[in-house]
Amino acid sequence: VHPWHVRANAEMFHAGTWLRPEYYKVAGEARNDSIFNEAANVRHNVGLIDVSTLGKFWINGPDAVDFLERIYTGRFAKQQVGRIRYGLACDESGVIIEDGVIARLVEDRFYVTATSSGAAAFYREIQRWAMIWKMDVTLVNATGQLAAMNIAGPRARDILQQLTELDLSPDAFPYLAVRDGTVAGAPATVMRVGFVGEPGYELHVPASYGLHVWTSLIQSGDSVGIRPFGMEAQRLLRLEKGHLIVGQDTDALTNPYEADVAWAVDRNKSFFVGSRSL
């Protein structure tokens, strides 16, 4: 989708090893005004952001649940198939190193996201623990295989429903649910999740379908004023909702209590990486 962003006058900047749109320049509009207008459009209408740079891992096997319980601070043993949970990971000293969502696709198969800037390091870290613990688990880094985008805002459901056979009604597809289906004819994993505080759907599709799905959403929402939004608007929206960004709102010394995410730490667990330090 990168060439589309460039043609749409995106001001690109570095996010880890990636280039991502910081904001989209509008003729006669100052930088800050463009960012605020992108954010306001998400709050009151609908916006679309490219999140293809997210880390994307498949964690499979008989020990997958136990492995996740050790890596992350929360609980996953009772997580239902078709549901999503937030995951927070620490190092041995209790410092936050990653967060993301954990989607349970079947009993022993999970789809996990990680931050754009930290995905490669985190994948090496979970590989290291899998070898140390000698667990029956398969780890696959699918970051480069899949494109991803988040459509968010009060009109997001109506626009997406035009492009998918999935039932997006709140009863059929509640918050923190995950479904496999098609979007604009592309095979897609659709997650009812987002960190900007508005109704949103995160769509993960094969990379070869990324541009097609992106442009289909733009075309579908054109009549109601959909517009792409960049990283600065996303950061503003997340900040308003209190959703931290690891590496942006945390540093190499921040623990979950300092970052106000103690709610994601299950202190009754017998073990997780960093539990003794915390």
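## Lining of the largest cavity

The residues lining the largest cavity of this predicted model divide into 7 nonpolar, no polar and 1 charged. Here Ala, Val, Leu, Ile, Met, Phe, Trp, Tyr, Cys and Pro count as nonpolar, Asp, Glu, Lys and Arg as charged, and the others, Gly among them, as polar. The lining is formed by Ile71, Ala89, Cys90, Ile97, Phe122, Glu125, Trp129 and Val273. Strand S5 (84-90) and helix H4 (119-133) are the elements that give two or more residues to this lining, and H4 gives the most, with 3 residues.

The structure holds 1 cavity of 30 Å³ or more, and about 40 Å³ of space lies in the largest cavity. On a 1 Å grid over the protein atoms alone, a cavity is a set of points where a 1.4 Å probe fits but cannot get out, while a pocket is an open set with protein on both sides within 12 Å along at least five of seven lines; lining residues have an atom within 4 Å of a point. A volume is the space filled by probe spheres set on the points, which are joined across faces, edges and corners.

## The largest pocket

The largest pocket contains about 490 Å³ of space. Its lining comprises 29 residues, of which Leu54, Thr115, Ser116, Arg238 and Ile245 lie nearest its centre. Strand S6 (96-106), strand S7 (109-114) and H7 are the elements that give two or more residues to the lining; the largest share, 4 residues, comes from H7. By class, the pocket lining has 12 nonpolar, 12 polar and 5 charged residues.

## Packing of H3 and H4

Helix H3 (residues 64-71) packs with H4 at an angle of about 115°, and their axes are 11 Å apart. Axes are lines fitted to C-alpha atoms, for helices over the stretch in contact, and angles run from 0 to 180 degrees between N-to-C directions. Helices (H or I, at least four residues) and strands (E, at least two) are DSSP runs, numbered from the N terminus.

The crossing of H3 and H4 is right-handed, that is, the near helix is turned clockwise from the far one by less than a right angle. Phe67, Arg70 and Ile71 of H3 meet Phe122, Ile126, Trp129, Ala130 and Trp133 of H4, where contact means heavy atoms within 4.5 Å.

## Packing of H2 and H7

The axes of helix H2 (residues 31-44) and helix H7 (residues 231-241) come within 8 Å and cross at roughly 55°. H2 and H7 are therefore oblique to each other, as angles under 35 degrees count as roughly parallel, over 145 as roughly antiparallel, 65 to 115 as roughly perpendicular and the rest as oblique.

## Basis of the model

Residues are numbered from 1 along each chain as its sequence is written. In this predicted model, local features need pLDDT of at least 70, side-chain atom pairs count only at pLDDT 80 or more, and totals for chains, interfaces and linings use all residues, while side-chain values use heavy atoms, with hydrogens and water left out.
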